[in-house]
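Trainee: I have a structure to read and would like to go through it by question and answer. Could we start now?

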Amino acid sequence: LPAARKAPADRPERIGGKYLPIRLLATGNASAVYEVEHLHTGEHLALKLMNPRAWRDPMSLARFKREARVSAQVKSDHVVRVIDADVAAELADAPFLVMELLQGQTLDELTAGYRQSSPLVLNWIRQVSRGVERLHTLGIVHRDLRPANLFRIHGSDEAVAIKILDFGASKRLGDIDDQNTTTQGTIVGSPPYLSP
């Protein structure tokens, strides 16, 4: 591969047989997100790969699978689009999901403690509300809405500029599987952004 397209040192040349890692975008406690190129189409996408410690934990694995299922079911301009989910044979069957690659910043990064204009904030709230309305129509509660999970797309028209990310803490109302992944009394979400 050309130098600009080399896989990160700790990743194989391919993930899932058809995704070529290009660069690391973000890391978290349970996963890492890479920019990848689809081997057959050349499309650049985002691939979220569970780390070995997390996918060996049954609760973390169940949440990751739920994230893939929930995200793929939601069709909204204001929710990140999931394209694929599978396991990577090259990485001992580590689970991954593939999403559209977004260019921009989270609202957390974008605002960085600076006050934003009221019209701009109202526009963002309207867009997030459209995404949340779609989720609630499908009986899905995100459970971790916060600036780090809201993404502002660069160069977009104002009609679609904000997308909701990260459905790892989401819950489908009446979902029996959620009882196995969340212990009763456990607080789900980020404390500064929880409802009172």
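Mentor: What follows is a set of questions on a predicted model.

Trainee: Which residues touch the most other members of the largest nonpolar core?

Mentor: In general, nonpolar side chains of soluble globular proteins tend to be buried together. The largest nonpolar core here has 30 residues. Among the elements that each supply at least two of its residues are β2 (31-38), β3 (44-50), α2 (58-73) and β5 (94-100). The members touching the most others are Tyr-19, Leu-47, Leu-49 and Phe-96.

Trainee: How many residues does the second, separate core have?

Mentor: The second core includes Leu-135, Ile-162, Ile-164 and Phe-167. Its number of residues is 13.

Trainee: Is Thr-111 buried or exposed?

Mentor: Thr-111 is found in helix α3 (residues 107-111). Beyond its neighbours within four places in sequence, Thr-111 is in contact with Gln-116 and Trp-124. Its relative accessibility is 18%, and the cut-off for buried is under 20%. Thr-111 therefore counts as buried.

Trainee: What is the distance in space between Arg-69 and Ala-85, C-alpha to C-alpha?

Mentor: Arg-69 has its place in helix α2, and with a relative accessible area of 41% Arg-69 is partly exposed. Arg-69 and Ala-85 are 16 residues apart in sequence. From C-alpha to C-alpha, their distance in space is 8.6 Å.

Trainee: Which strands stand at the edges of the open sheet of 3 strands?

Mentor: The order in this sheet is β6-β8-β9, and the pairing is antiparallel. An edge strand here has a single partner strand, so one side of it is left without a neighbour in the sheet. The edge strands are β6 (104-106) and β9 (162-164).

Trainee: What is the bridge partner of Gly-104 in β8?

Mentor: Strands of a sheet pair through backbone hydrogen bonds, either parallel or antiparallel. β6 and β8 pair in the antiparallel sense, over 3 bridges. The partner of Gly-104 in β8 is Ile-153.

Trainee: What angle does the direction of helix α4 make with that of β9?

Mentor: Helix α4 (residues 118-137) packs on the sheet. The strands that α4 touches are β8 and β9. With the direction of β9, the direction of α4 makes an angle of about 35 degrees.

Conventions:
Residues are numbered from 1 along each chain as its sequence is written. This is a predicted model: local features need pLDDT of at least 70, side-chain atom pairs count only at pLDDT 80 or more; totals for chains, interfaces and linings use all residues. Side-chain values use heavy atoms; hydrogens and water are left out. A nonpolar core is a set of buried Ala, Val, Leu, Ile, Met, Phe, Trp, Tyr and Cys residues joined through side-chain atoms within 4.5 Å. Buried means under 20% relative accessible area, exposed over 50%, partly exposed in between (1.4 Å probe, protein chains only). Helices (H or I, at least four residues) and strands (E, at least two) are DSSP runs, numbered from the N terminus. Contact means heavy atoms within 4.5 Å. Two strands pair if DSSP finds at least two bridges between them. Axes are lines fitted to C-alpha atoms, for helices over the stretch in contact, and angles run from 0 to 180 degrees between N-to-C directions.
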